[in-house]
Amino acid sequence: MRGWRSLLPIIVFTALYAAVSLSVTNSYYQLVMTLVPVWAIFGLSWNLLSGYTGLISFGHAAFFGLGAYAVVLGQIHFDLSPWIMIPIAAILGGIAGLLIGFPTFRLQGHYFALAMLAYPLAILYVFEWLGLQEVTLPIKRDNPIAYMQFADHRLYTLLALAMMLATILLTRAIERSRFGMALLAIKQNEAAAEGAGINTLAWKLRAVTLSGAIAGAVGGFYAVVLLVVTPQSVFGMLVSAQALTVAMFGGVGTVWGPVIGSVILIPLAETLNAEAGSRFPGIQGVIYGLAIICVILLAPEGLFWKVRDFLRKRSASPAAKTSSGPDIPAAAVPSAPAPSRSERFPGTGDVVLEVRNLSRSFGGLKAVQDVSFKLRRNEILGIIGPNGAGKTTLFNLLNGFLRPGTGEILLDGREMSGRKPHELCEAGIGRTFQIMRPFLRMSISDNVVVGAYVRAKTDAEARRLATEAIARVGLSEIADRIAGELTTKELRLMELARALAGQPRILLLDETLAGLGHDEANEVVAVIQRLARDGMTIAIIEHTMQAMVRLVDSFLVLDHGAVIVEGEPEAVTRDSRVIEAYLGKKWMAHAPH
Amino acid sequence: MTRATRAALTRRSLLAGASAGLISSRAWAQQPSEVKVGLLVPVSGLYARPGTVMRQGAEMAVDHINAQGGIKSLGGAKLKLVVLDSGDTTEKAKNAAQRMVAQEPDLVAASGAYLSSFTLAVTEVTERANLPVLTLSYSDLITDRGFKYVFQTSATAGSQAKQALPQIVKLAETASGKKPKTVAIVTDNTAASVSSAKAMRDGLLAENGLQLTVDETFTPPLADATSLVQKVRSARPDLLFFLPTVISDAKLLLEKMNEFGLGQGKIPTISFGIAIAEPDMLQTVSPELLQGLLTCVASWGAKGHEALIAELKTRYKEPWMTQNAISTYGDMWVIKDALEKAGKADRVAVADALRAMDGGPSKYYPLGEIKFDEKGRRVGAGMTIVQWQSGVPVTVFPPQLALAQPFWPKN
């Protein structure tokens, strides 16, 4: 239902565009009308990889050019029509995406962008070396339609439009599925995504394959429109830049972005070339460049987001006033009295997680040394220690962000050390992060559903798990709010829900109470206690002793990477070594003996 | 003003006439006061400089034609030049061509588009619009596609190398007394250079008794020419064929040659194409380094063009007349002749006239005739060899066009 209604703007836009293009008789304007969807598709292809994963590709021309050359060479050497060759170009583009993606995804950030830049430039020289400086699609005077050579140029526009519609629908389907969620999660925080059970490499490879396939197909179609293919015209820097330009101008990470960018920029560039080019040669580039610079400065994420944020603010501001009146305390929903520890019979269950002699050092720094402990079913273990004690490193070892130097991690008796984070997540270890990484533009439900895919087979199941998880932390009432509008406490709870959505058996909570006021902390503590009552096993890192003493069943105190004390809260808080580690020697005098 | 009024009156009277229909308005269109000719060349971007020179040549020709009474068979109609910017990419060139045929429906012919790859793209459009295009681009591919509306005034790349090599061998032999035996090729990988070098490798060198000892291809822009020059120095060939497209590459290599003691004719250096003889060369390379350098070009200001060369100098401050200026100048005259023959301002008629044309010996293109074969290539199209002499590249071959005697650097 919701899907169909949101499709309406796309269908209306396509229909309108088709109607306008059919009314254009001037062949030059027809060409421009054709180039708009061509570059929009190319922008969408770029968007599918870079817009959603945040891994900027400067090298999409590689796929585009391979597609273009495939179509031209296919017709020259094998007399294969573009009707056949464009799908083949898509396959080639996909394969190229896979081959390029596999080694390049080892890199991140700027390194990834720069490495991607190298591919089309390298391929460009290969094609020059092959002697393919200029190849043309042979003109077919006998059977032009069979070779996609239309006398009526409007047919090219319609064809391009059909390809664009297909690409938009595909992108939207991806955007709404676990595929899109996984990509968005990678964009926000690749590590967190791994931690939420997403096999990031696999999803990234799927994204680059699909993106390459789309780029290959549209490159092939572009060759049909351009008729002449030169390495510069399909592998050149400007081609890769075109994809970035339309997407970034229009809006990154949305299907509308590249379309908006292309609809505005391509006719603008052409008009400038036509009107200004012969009178003031070169001025077209200056104006075009200035226009792009202005938009980047004023709307860094692209026009789409700027306009949407503006509209949302306008429509939201009166609504916000009314809703902020009766403040709904998020965690107050099922406000049962916090159960005491004794109600849960903790510490008597089976050992679910056992850590033996775990060590990890960074150069000379022994971040974690020889740590051993057992986590029993339904237990809440508090891991405390001063800053730099190695608490977060310990968690990173437990959920696979770091490989242990030595030692064992046994989950239900199975050795799990050195596994990838998404594998450990699948095995039932969920975690939250000290520094929150919410997906700010997404609603709470969408944020949480990312974490559900590790368990869910279908999108519907994932939604159900997410809804359950949100209910467990008491955020159901505001589940549709955008994460960017939430308070710290709500964000903490949302993170908790994201971890819960994957139905872990063990939760690793990294400073979940950090940055919360006293009352807020109590609300979160209540939620954690409820989780424990419902059978969850929890390890929690925290600084604030006070809240912890009421919460945990036992403490593990770390200092300088090693366990200094382990035991019941009451005993641990009185332990002189703990006080020393936390407060320094001068507080030792106050310690009860 | 008066012309416009007369035209308006004619139209009004025609429209008023009972027979005013499609045919009569066409009849009116056949007697225009002005005939539009297109020039689609790069006037912005990387290739703006050669494009501008082409425009200068075209403007001069149009002025000359109009001053001499315009198109006589069209009642003295004047030529009007419509300049379109092909930009610096194949896509821009193709779009400009589309714009040309769409926005200027009354063009009768055009000239363009400098780079072979631009011309290839442009003619894909003009062919479909039945607009005849004259081009100085010399890729063989342009006239190998079976097109009917493209006319290549230059000798094709393959043919140029074929014509040039025997001349160069002969020149070397008469000047130095011994026949050159070994050659080196240092070429960039742009389309024109590649096709010239390919023709040489694929048999031309062997036919002329030359042995290839060094064969190096580089990608412009060159960062450092040392390794290239070292290879040439260790092989010590009798001739060096050096095919740059970018002036900075030419400068780098020539300076490095000089540094290694190979410059100024120690190893006679022959280029293909216009880059090495562009006026811009002098801004970066000293005339001494260029002295004696030869280049084989499709066309050049030559004997019989002295007045034009002088006019170009005074009017546009161009120090000499390159292929771009003289060829485009010639194109306008060929279009003029075709219009005279066609007797109507109609692109298909002009194309027919061009195909049937037999204009006798060529005046502005080197050698051959003003006549096109079935592929659209100019019959007997020759080429020129140009030599840097005292800071000016002058035509030294063929003898009937030579402005100076060639000299062979003595080692």
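Tutor: Helices and strands are here runs assigned by DSSP, a helix having at least four residues and a strand at least two. The model is a predicted one. The UniProt record, an unreviewed entry, annotates residues 34-391 of chain B as "domain: Leucine-binding protein".

The sheet itself is open and consists of 7 strands of chain B, in the order E7-E6-E8-E9-E10-E11-E12, with mixed pairing. Its edges are strand E7 (211-218) and strand E12 (392-397) of chain B; each has a single partner strand, so one side of each is left without a neighbour in the sheet. On average, neighbouring strands of this sheet are turned by 25° against each other, direction ignored.

In general, the strands of a sheet pair through backbone hydrogen bonds, either parallel or antiparallel. One pairing may be followed in detail: strand E6 (residues 182-188) and strand E8 (residues 239-243) of chain B run parallel and are joined by 5 bridges. Within this pairing, B:Thr187 stands opposite B:Leu243 in E8 of chain B.

A helix also belongs to the picture. Helix H7 (residues 191-207) of chain B packs on the sheet, where it touches E6, E7, E8 and strand E9 (269-272) of chain B. The direction of H7 in chain B makes about 155° with that of E6 in chain B.

Technical notes
Residues are numbered from 1 along each chain as its sequence is written. Chains are lettered from A and ligands numbered from 1 in the order in which they are written. This is a predicted model: local features need pLDDT of at least 70, side-chain atom pairs count only at pLDDT 80 or more; totals for chains, interfaces and linings use all residues. Two strands pair if DSSP finds at least two bridges between them. Axes are lines fitted to C-alpha atoms, for helices over the stretch in contact, and angles run from 0 to 180 degrees between N-to-C directions. Two residues are in contact if their C-beta atoms, placed from the backbone, lie within 7 Å. UniProt positions are given in the numbering used here, feature names are shortened, and annotations may be inferred rather than shown by experiment.
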